[in-house]
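Subject: Structure handover

Hello,

The structure is pasted below for your use. My notes on it follow.

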Amino acid sequence: MDKRKMPVVKTVGISKRYGEGVGTWALRGVNFDVAPGEFVAIVGASGSGKSTLLNMIGALDQPTSGAVYINGQNTSYLDENALAALRGDTLGFIFQFHYLLNEFSILENALMPFSIRKGGPSRDDRQWVEELFCRVGLQDSMHCRPKQLSGGQQQRGAIVRALANRPKVVLADEPTGNLDSRNGAMVFDLLRELNTTFGTGFVLVTHDDRLAREAARIVAVEDGRIVANYCVEEVEREASQLRHSEK
Amino acid sequence: MGVFAWLKGTKIVNKFELKVAWRHLLTSHGQTELTVGAVAVGVLLVVFLSSLINGLQVGLVEDVVGSIPHVIVEAASHEAKPLWQMPGNGGNAGAVITKVEKMSSQKQKISEWRRMCETISMIPGVQSAAPSAVGSGFASRGAKNVGAVIFGVDPAEELKVKSFAARFVQGDFSKIDQQNVAIGIKMADDLGANIGSRIRVTSNEGVTQTFRVAALFDMGIENANEAWVYVGLSAAQGMLKIGKDITTINVRGRDLFSANRIANQIRTFTSLKVSSWMESNKAFLDTLKAQNSAALIIQTMTLLASAFGVASVMIVFVVQKSRDIGILKSMGATATQIQKIFMLEGLGVGVGGALLGSAIGTGLCFIVQNTFLPGETFGGKPATLVPMAWDFKYVMAASLVAVVVGLMSSVIPARRASKLDPVEAIRHG
Ligand SMILES: Nc1ncnc2c1ncn2[C@@H]1O[C@H](COP(=O)(O)OP(=O)(O)OP(=O)(O)O)[C@@H](O)[C@H]1O
Ligand SMILES: [Mg+2]
């Protein structure tokens with residue numbers, strides 16, 4: 001397969017049950033993949049299994065059955081340390097709350113992935129992270145602790161950290177969920193922009209349909225299943241074709 | 001911090017783990033202070049208690065052993081035994097005879113004593129061996145009369161086997177000879193004598209000689225102050241009618257507690273009666289041992305309490321940091337790295353506690369050690385508020401234990417942290 005076209009993450013029939021016995025089936029046989037540079041929005045009602053899916057993709061949790069491939073590697077064959085390495089190299093995470101480490105400045109937070117994986121950032125890494133801070137408009141607040149910043153600023157700092165290690169895909173669970181609509185729209189636009197400028201893939205869970213419509217692909221989850229999966233462009237093209245033919 | 005730098009050098013931990021651990025310690029909202037305090041209190045107590053017990057024991061041992069030789073080699077018991085202890089008296093079980101009969105007829109002496117002293121001096125660990133002639137009698141002045149134990153010694157030699165120079169409160173012990181005598185303060189009191197007074201000393205052999213009091217001593221032992229009389233060796237030899245012979249060889253070892261070994265070695269080449277201070281003061285030594293065990297138990301308990309304190313604070317800390325742990329894991333931190341971070345924190349707490357506790361403990365010891373009680377003595381030295389003998393080895397031992405305690409008490413919390421499920425950690429953030 002063409003390496004560039006190979007999905008960065010791919011799930012094959014994954015199911016997830018919480019609890020023993022009957023338990024709660026949060027996912028029921030989900031097939032899902034993300035191509036390099038793709039921007040995917042996952043939508044669905046509360047409790048439909050969006051977060052669970054995202055955690056599986058991020059190898060933060062193991063599926064009850066089925067397989068998750070990251071970079072072509074079956075994660076069920078990897079031990080804890082190899083998984084950590086794979087996460088560190090391939091993926092970035094943004095959560096609903098900023099989840100920056102409070103003891104460190106946001107610059108230190110953003111450089112943390114380099115410290116974890118290779119003992120510290122190189123000059124290049126530093127430049128790249130500083131460029132990211134400029135992109136998100138935090139160039140003047142890099143040395144602040146998270147507590148000294150607003151919610152929107154914190155979330156932008158978290159975005160920089162997620163992108164610092166040049167991941168292929170950033171997984172974001174309701175990154176705008178904790179922000180007001182203006183800040184939410186701003187963060188969302190930023191993600192779109194980073195996607196087009198740097199070609200980083202994004203998978204983001206959102207409750208906000210208006211924001212979801214801006215994504216290139218929308219995946220709808222319901223009751224642990226993917227019930228819709230469509231490209232916004234294609235749909236719009238089809239819609240416009242429909243309109244044309246009606247004329 | 002030094003330890004951290006060293007650890008980094010060993011490559012056991014890397015910069016990331018050190019940095020996170022260090023930051024956690026610095027910004028823990030009081031938990032670091034609390035745990036460091038818990039360890040410090042433990043260390044402080046160990047240092048202080050050890051110094052105190054040591055000080056007490058050194059003083060006590062000094063009081064007991066300072067005025068007696070470590071090992072005594074005697075011709076036979078010059079003190080008569082009560083009759084019921086005498087062999088061949090078995091049939092007389094019903095009769096309780098407590099009166100001690102003197103047996104001056106059974107005079108025992110060491111003739112070849114110069115050779116014997118030389119041989120003893122060659123035993124490893126022996127500092128010196130000094131001859132003396134010991135007998136009993138009484139001392140009198142005017143109409144006053146008191147019982148006496150007569151010690152005939154060469155003062156220079158005697159000072160090498162007994163560390164009692166400081167116990168001579170007046171006059172000069174080295175002056176004692178044919179005409180000069182040293183007596184205890186109690187005897188001086190009883191006889192109404194003072195430095196320069198003349199007293200008569202009569203041996204049980206019936207020889208009387210007049211001496212000038214040249215020195216007064218306070219041995220810290222009632223008996224000694226009351227009855228001991230130091231005269232020149234040849235004076236005593238004459239009074240006890242033993243010619244050029246002696247009755248006793250006093251031996252001093254370099255180490256107080258090697259007395260038993262030295263005694264045993266002397267026994268291998270002589271049939272003379274050999275006794276070490278440790279054998280004669282077994283009850284006293286047992287008391288010291290009991291005291292040591294009690295102290296050890298208290299110290300162990302304290303350090304255990306510190307360990308539990310540290311462990312419980314650390315567990316709470318891990319719970320508080322669980323969200324951070326989840327994030328670090330999502331960024332690629334391995335379980336091992338997480339575990340190291342929290343172990344490092346335990347180590348940091350141990351080292352911090354050790355430094356603080358040692359500093360305060362040592363400071364306290366020195367303050368107490370230098371607070372003198374005017375006019376009182378203990379162990380032959382000016383008495384302090386509490387007898388203290390601080391030793392660097394207590395600080396080393398306590399610190400070492402503290403560092404181990406810090407590290408060990410962080411094992412379980414660190415393990416917990418490393419096992420934390422990132423999803424759970426982030427969900428409940
Ligand atoms: N750790 C867990 N233990 C037990 N059940 C869980 C756990 N996590 C999720 N669930 C259950 O799995 C189902 C899917 O949960 P999930 O968090 O994936 O939903 P979601 O789509 O992200 O919802 P929301 O929009 O509210 O975040 C829910 O019924 C939830 O109760
Ligand atoms: Mg969710």
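The site of ligand 1 is shared between chains, because residues from chains A and B surround the ligand. This is a predicted model, in which local features need pLDDT of at least 70 and side-chain atom pairs count only at pLDDT 80 or more, while totals for chains, interfaces and linings use all residues. Residues are numbered from 1 along each chain as its sequence is written, chains are lettered from A and ligands numbered from 1 in the order in which they are written, and side-chain values use heavy atoms, with hydrogens and water left out.

Ligand site

The shell around ligand 1 holds 15 residues, counted if one of their heavy atoms lies within 4 Å of the ligand. The closest are A:Ser46, A:Gly47, A:Lys50, A:Ser51 and A:Thr52. By class, the shell has three nonpolar, eight polar and four charged residues; Gly counts as polar here, and Asp, Glu, Lys and Arg as charged.

Polar contacts (N or O atoms within 3.5 Å; within protein, one must be able to donate a hydrogen and the other to accept it, and residues adjacent in sequence count only if both atoms are side-chain atoms) come from both chains:

- A polar side-chain atom of A:Thr52 is 2.5 Å from an oxygen atom of ligand 1.
- A polar backbone atom of A:Gly47 is 2.8 Å from an oxygen atom of ligand 1.
- A side-chain N or O atom of B:Glu424 is 3.3 Å from a nitrogen atom of ligand 1.

Ligand 1 alone exposes 630 Å², of which the protein buries 70% (Shrake-Rupley method, 1.4 Å probe). Strand S2 (24–34) and helix H1 (50–57) of chain A, together with H16 of chain B, each give two or more residues to the shell. H1(A) gives the largest share, three residues. Helices are DSSP runs of H or I with at least four residues, and strands are runs of E with at least two.

Interface

Contact (heavy atoms within 4.5 Å) takes in 26 residues from chain B and 25 residues from chain A. The two chains bury about 2300 Å² between them, 60% of it on carbon and sulfur atoms; this is the accessible area (1.4 Å probe) lost on being put together, summed over both.

Three salt bridges cross the interface, with a side-chain nitrogen of Lys or Arg within 4 Å of a carboxyl oxygen of Asp or Glu. A:Glu108 and B:Arg23 form a salt bridge at 2.7 Å, N to O.

Regards
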